[in-house]
Amino acid sequence: MLEKWFKLKENGTNVRTEIVAGLTTFMTMAYIIALNPNLLTGFGAEGAEEGLWSAVFMATCIASAIGMFVMAFAANKPFAMAPGMGLNSFYATLCASIVGMTGMTYVQSYQACMCIILIEGIIFIILSLLNVREKIVEAIPAGVRHGISPAIGIMLLNIGLGSNAGIYSETNGFTSPFYVMRDFFGSLTAKNMKESIGSGWGAMVLTVVTMFVGLFVIITLAHKGIKAAVILGMLVASIVYWAGQALFLGTNPFAGLATASWLPSFGTMAKVTLFKFNFAGLAEIGWTTVVILIITFCIIDMFDTIGTLVGTASRAGMLDKDGKMPKMKEALLADAVGTVAGSMTGTSTVTTFIESASGVEAGGRTGLTAFTTAIVFLACMFISPIAAIIPPAATSSALIYVGILMLSGLRNINFDDITDIAPVALMLIAMPISSSIGHAIGIGLITYTCIKVLTGKAKDVSVLTYILSLIFIVKFFLPV
């Protein structure tokens, strides 16, 4: 039956490989299950009395799984989905701003903003069914499309060596993010770094050792042709980290399991976020503002998803000779359905995750990979404490490895043509700095269009590319 649904032999894979790939993808993005409710509730500070954190936790698991089920059975692609990073932070900021503007409680504001996510998702379903989003993908010039994969690789390297490390240092009484390449390898002496970081020094050293042990194990196993290299590398890295916690930091990595809650909060979600749309509150915001917000969410979500799909599919060899991905329409539809499901259950925009690249690198080629990840997401409603003990440093190993591999996409760039090199070069820098695939694509499109026009090759640019470039210029430069 699995062969009939997912065409495993046709795609050169098997059940074992797909399941391992699905688990690999899950392990690299498991952080979103707890981080998303943290970001959307101010780390539990907002809506605490109503149980908003628990409701968003449940919504994150359910909406992500629904999107992945559509991805698995409609598109038969190995891409995983979850509430988008960046979009969730923007959503939380928006909710807090509306509280100040209208006097609503945070939960009321949250429920009003869910109406915006619902409208965005419905718009995307319509655009996907009408092939509009697919046409937008085709309008991205080949040079820019080829540059998306290596740009995502740089972004993954930045995440793996940066924010995903999860270590914070003491700086003048407050905390600041720890970035491995800057703070650890960029330090003049270990003594100076130890004095400036303070009590976080031991954890920092353990984190760096863990991620590089995991990375070296993954590379070694992959070189030997072992398809489970990524997940085995993360397992070894996890063991190293847990042992280091116990032996050198004096902490028990499994202490929280004894007191953790293992029961899903279905009742809380039903009371707080499930189909709880506050359209009356939406009207208080002002319809002009609402329209602008819907457009903003649409632009960011659309190009983040397009970039992830094209970049990851390119790495997996899923693009045809024209750089197009079969069943792109269905893959985009899965994103739209996931967003609608998110609005109905209580979380911000659901989008395709760049961490899907880790599962692709582990051999995932069909929807069975996405299906496996979806099942584990649902299981996390019951086993969330286990997911919580996976150290960020271990997932960093996988992200760094995949990021390195995705740089190979640079070979498809025509380095003899400055009109191809310039947009890609700016995308490579813009993506990790902005933490937005969509924004980087926008900069690439604007650069490509302007250079073509100024070099007398305006006819090489399609009408839709001109329109997309203009939309991004408006978004970037006008105060709206």
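Biologist: What classes of residue make up the lining of the second largest pocket?
Modeller: This is a predicted model, by the way. In it, that pocket's lining has 7 nonpolar, 5 charged and 3 polar residues.
Biologist: And how much space lies in the second largest pocket?
Modeller: About 310 Å³. There are 15 lining residues, and the closest to the pocket's centre are Glu10, Asn11, Asn76, Lys77 and Arg365.
Biologist: Which helix gives the largest share of that lining?
Modeller: Helix H4, which covers residues 52–75, with 3 residues.
Biologist: OK, zooming out. How many helices and strands are in the protein chain?
Modeller: The chain has 22 helices and 4 strands.
Biologist: What box do the C-alpha atoms fill?
Modeller: Roughly 65 × 55 × 55 Å, taken along the principal axes.
Biologist: What share of the residues count as buried?
Modeller: 54% of the 480 residues. As for contacts, take those between residues at least 6 apart in sequence: 80% of them join residues at least 24 apart.
Biologist: Can you show me one residue up close? Where is Leu468?
Modeller: Leu468 sits in helix H22, residues 463–477.
Biologist: Buried or exposed, that Leu468?
Modeller: Buried: the relative accessible area of Leu468 is 5%, and the cut-off for buried is under 20%.
Biologist: Which residues does Leu468 touch, leaving out those up to four places away in sequence?
Modeller: Ile136, Ala139, Phe303 and Leu445. For a sense of distance, the C-alpha atom of Leu468 is separated by 52 Å from that of Leu249, and those two are 219 residues apart along the chain.
Biologist: New topic, cysteines. How many disulfides does the structure hold?
Modeller: It holds 0. Take Cys61: the nearest cysteine sulfur belongs to Cys380 and is 5.8 Å away, and Cys61 is in no disulfide.
Biologist: What about Cys113, how far is its sulfur from the closest cysteine sulfur?
Modeller: 3.8 Å, and that closest sulfur is in Cys95.
Biologist: Are we talking buried or exposed for Cys61 and Cys113?
Modeller: Cys61 counts as buried, with 0% relative accessibility. Cys113 is also at 0%, so it counts as buried.
Biologist: How do their accessible areas come out, for Lys7 and Phe275?
Modeller: Lys7 has a relative accessible area of 38%, so Lys7 is partly exposed. Phe275 has 54% and is exposed, since the cut-off for exposed is over 50%.
Biologist: Great, that helps a lot. Thanks!

Key
Residues numbered from 1 in each chain as written. Predicted model: local features only at pLDDT ≥ 70, side-chain atom pairs only at ≥ 80, totals over all residues. Heavy atoms only, no water. Disulfide = S-S within 2.5 Å. Buried < 20%, exposed > 50% of the residue type's maximum accessible area, 1.4 Å probe, protein only. 1 Å grid on protein atoms, 1.4 Å probe; cavity = no way out; pocket = protein on both sides within 12 Å on 5 of 7 lines; lining within 4 Å. Points joined across faces, edges and corners; volume = space filled by probe spheres on them. Helix = DSSP H or I, 4+ residues; strand = E, 2+ residues; numbered from the N terminus. Nonpolar A, V, L, I, M, F, W, Y, C, P; charged D, E, K, R; others polar. Contact = heavy atoms within 4.5 Å.
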